[in-house]
Amino acid sequence: MRCAFKIFLRATGSVVALGLLATACANQAVKVEDRLVDGTSLPSEEMLSREKIEINQGFGGEGFGEHFLSYELASNNSLVVTHTFRPEDKVIGDEVFVVSPYVAMKARKQLWRVRPDALENIGSEVRPSGCLPRWDHETPEIAVGFGSSNEMFGTFFLPRPASCDTPAAKAARQMLNDVLKSFPRSKVAETFVKMHAQLNGS
């Protein structure tokens, strides 16, 4: 009812317009106040559920890293975890899981908080609210990709804390960690994390 009340305050007195706005509000995939990136307009939950979502991490070498870990959540709730050595395009390990509908939808609802409003064929990129690029060739701590069936794509870029640590960035970092923890335990991901820790001497 809170959303309908807000609409009523902004309405011009037209009962028909009020009804249409209330319906649109009810179909919102993410509440505006829960968004961690700029923008307020997302497609419906039904449409977003058809998209593929990737969570990517990398380390070593230049750019986003020679070693690349990807979690790919498909619309059928399959989850593919892949560790790739990119210079040789070599798959070091991969695993396929089927995530329960509850876990999959809970993860999607959290990840939609950082989805760009619109996807573009050349790739649209957004950062947490308040974060602007600081350095040339800056690489993300984590990147989240959203892909639709018509090959449109968009990316969320989470800067490293030294680059940007706004409240939205902190919330996004915690959200992504929580989503990854909700996924099935992956030996591929654990091996990747150990390699990363060894490289950093920790």
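Tutor: The account below begins with the sheet, continues with the helices and the core, and ends with the salt bridges.

The model is predicted. Its sheet is open and consists of seven strands, with mixed pairing, in the order β4-β3-β2-β1-β6-β7-β5. At the edges stand β4 (90-98) and β5 (124-126), each of which pairs on one side only. Averaged over the sheet, and with direction ignored, neighbouring strands are turned by 15° against each other. Strands of a sheet pair through backbone hydrogen bonds, in either a parallel or an antiparallel manner. Here β2 and β3 run antiparallel and are joined by seven bridges; within this pairing, Leu69 stands opposite His83 in β3.

Two helices may now be placed against the strands. Helix α4 packs on the sheet through contacts with β1, β2 and β6, and its direction makes about 70° with that of β1. Helix α5 also packs on the sheet, where it touches β1, β2, β6 and β7; its direction makes about 110° with that of β7.

The packing can also be followed through the nonpolar core. The largest such core has 40 residues, and those with the most contacts inside it are Ile55, Tyr71, Leu111, Phe146 and Phe156. Among the elements that each supply at least two of its residues are β1 (52-59), β2 (67-73), α4 (101-111), β6 (142-147), β7 (153-158) and α5 (167-182). The largest share, six residues, comes from α5. Phe156 illustrates the arrangement: not counting residues up to four places away in sequence, its contacts include Val114, Val126, Ile142, Val144, Phe146, Ala172 and Leu176.

A search of the whole structure finds ten salt bridges. In one of them, the side chains of Lys109 and Glu45 meet at 2.7 Å, N to O. Lys109 lies in helix α4 and Glu45 in helix α3 (residues 45-48), so this pair ties together parts that are 64 residues apart in sequence. Lys109 counts as partly exposed, at 33% relative accessibility, and Glu45 is likewise partly exposed, with a relative accessible area of 27%.

A further salt bridge joins Glu54 and Lys52, whose closest N and O atoms are 3.6 Å apart. Glu54 counts as buried because its relative accessibility is 16%, under the 20% cut-off; Lys52, at 32%, counts as partly exposed.

Key: Residues numbered from 1 in each chain as written. Predicted model: local features only at pLDDT ≥ 70, side-chain atom pairs only at ≥ 80, totals over all residues. Heavy atoms only, no water. Core = buried A, V, L, I, M, F, W, Y, C linked by side-chain atoms within 4.5 Å. Buried < 20%, exposed > 50% of the residue type's maximum accessible area, 1.4 Å probe, protein only. Helix = DSSP H or I, 4+ residues; strand = E, 2+ residues; numbered from the N terminus. Contact = heavy atoms within 4.5 Å. Pairing = 2+ DSSP bridges. Axes fitted to C-alpha atoms, helices over the stretch in contact; angles between N-to-C directions. Salt bridge = Lys/Arg side-chain N within 4 Å of Asp/Glu carboxyl O.
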